[in-house]
Amino acid sequence: MTGGRIGWFREAAFGMFIHWGLYAIPAGFWKGRAQGSGAVSEWIMSTLKIPVREYEQLANEFNPQKFDAKSWVDLAQAAGMKYIIITAKHHDGFAMFHSQVSRYNVVDATPFGRDPIAELAEECSRAGIRLGFYYSQDQDWHEPGGSGNYWDYPKRRKDAVEAIEGSITWPERWRVFAPFATDDGLPPMLEIPEQLTLNGKTVPGTDVTFVDGKFDFDPLLGPEPPRGRRHRIAYAYTTLTVEQETQLTMGAGADWWMQWYLDGKLVYDTYQEGGGAGNEFKPIALTNHVFNLKLTPGKHVLMLRFLSGAGGADVATGGPAELRKANWRPLEGGIDPERGFREYLDEKVKPQLKELLTDYGPVAVIWFDTPISITPEQSKELEDYVHALQPACLVSGRVGHGVGDYECLADNQYPDRVLEGVWEGMFTTNRSWGYKSDDHDWKTGEELIKILRRHEEGNANLLLNVGPDAEGVIPEPAAKALREVGAWK
């Protein structure tokens, strides 16, 4: 990381994040089925397990006739923002730019037939606003080689699941120890045990309460979590019957806080004590978490504890059939022999990155996200590839494995002290990142100003998100609040 490359970023301090894609059409609903209040709209394909061939049909409907790049840029300027990051390709695999790599793009596959990224690049250049691109380098639910789609491409983790089924007997369902959101937004029926013992502490099931969509009490942390932060708490556990000594390798990429317990003892924590940006813990989120479980013959209790976030519901409610579809899963083998992740990187990711970095003028940032299957070597490879094409372009820390020009906080996470180094936080203007028709929980201008000030005080940039609708319009409650921020600045 060079001072010259990062200098403008430190000075800019405040940017606009734009989540816009095919998911703006269903806007949180699919064939009458709602994602639920806790889900974000850009994840609808995954949340509701929509088959690729069905989801693809949304492209035939995408025709945002009210899209006006100038109005978006003007709003960013009015809010005092100095740069814009827009989703060029999110996890659904659809390119919001004219890509020659795949016809699954906004110009070739939709009646709209225009390149909104090109139009936005032109307006940003006119206004002196820097433009960067969000690009999902790991998850791509449209491609067999990309990670994340286990409902259409079960072979991707088939070998991994079969590798452990020979020596471990899994129950059909995990027991849910505390409620948390399912696909329909409602807590599942509880199976509360009399108690669990964790690290010598007895956790009575009757003491876990569910209040207004949030867990108000964590038996291990007490009613007041560290430094006043509040977390949604959930537990899920299962009994494993092991026939012979087995080492189970588990891994995930996650931006929430999770802990794994084996027979009541903590064996893995996605956060580690000391330093970092969250509470009294050092976040190692949004990178590959890999750990080994050595299981001796006999019965064992494996438990997963969620301290924040709503991800991983599949793990908490399923056996081996669900395991391969969840964020946490075995890693032994399991890459699709027909088209692996390596081929996906070479045939889609790098060619599309080259298009973005050669066809749209100077690019401020390539904003990678959710590293799951990517290796440390591949993360570094992508960073070097971006810098080779545009040496001044920044690479976000979510490329994975500690690589990148700056570090990222978790979604909607404040810096709780002055951070060392170069950091960026990101917040939504309501709850969802992409447009969601039933999400009316808009933050006021006053609330956004407080968020911005917290980031300024913590030495972190703020990337504030808007989710335009299927017509290409940024919702007025978000626009109004941004204008109020600009008036304050």
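The crossing of α4 and α5 is right-handed, and that pair of helices is what I'd like to walk you through today. Please keep in mind that this is a predicted model.

So, who is involved? Helix α4 covers residues 69-78, and helix α5 covers residues 116-127. Their axes lie 9 Å apart, and the two pack at an angle of about 40 degrees.

On the α4 side we have Ala 69, Lys 70, Trp 72, Val 73, Asp 74 and Gln 77, and they face Glu 119, Leu 120, Glu 123, Cys 124, Arg 126 and Ala 127 in α5. How many of the residues in this contact are nonpolar, polar or charged? There are 6 nonpolar, 1 polar and 5 charged.

Let's stay with α5 for a moment. This helix has 12 residues, and the distance from its first C-alpha to its last is 16 Å, close to the 16 Å expected at 1.5 Å a residue. Which residues of α5 are buried? They are Pro 116, Ile 117, Leu 120, Ala 121, Glu 123, Cys 124 and Ala 127. The cover over these buried residues includes α4, along with β4 (83-89) and β5 (130-135).

Finally, let's zoom out to the whole protein. You'll find 12 helices and 25 strands there. Of the 489 residues, 58% are buried. And among contacts with a separation of 6 or more, 73% come from residues 24 or more positions apart.

Thanks, everyone, and I'm happy to chat about any of this!

Note on methods:
Residues are numbered from 1 along each chain as its sequence is written. This is a predicted model: local features need pLDDT of at least 70, side-chain atom pairs count only at pLDDT 80 or more; totals for chains, interfaces and linings use all residues. Side-chain values use heavy atoms; hydrogens and water are left out. Axes are lines fitted to C-alpha atoms, for helices over the stretch in contact, and angles run from 0 to 180 degrees between N-to-C directions. Helices (H or I, at least four residues) and strands (E, at least two) are DSSP runs, numbered from the N terminus. A crossing is left-handed if the near helix is turned anticlockwise from the far one by less than a right angle, and right-handed if clockwise. Contact means heavy atoms within 4.5 Å. Ala, Val, Leu, Ile, Met, Phe, Trp, Tyr, Cys and Pro count as nonpolar, Asp, Glu, Lys and Arg as charged, and the others, Gly among them, as polar. The expected span of a helix is 1.5 Å times one less than its number of residues. Buried means under 20% relative accessible area, exposed over 50%, partly exposed in between (1.4 Å probe, protein chains only).
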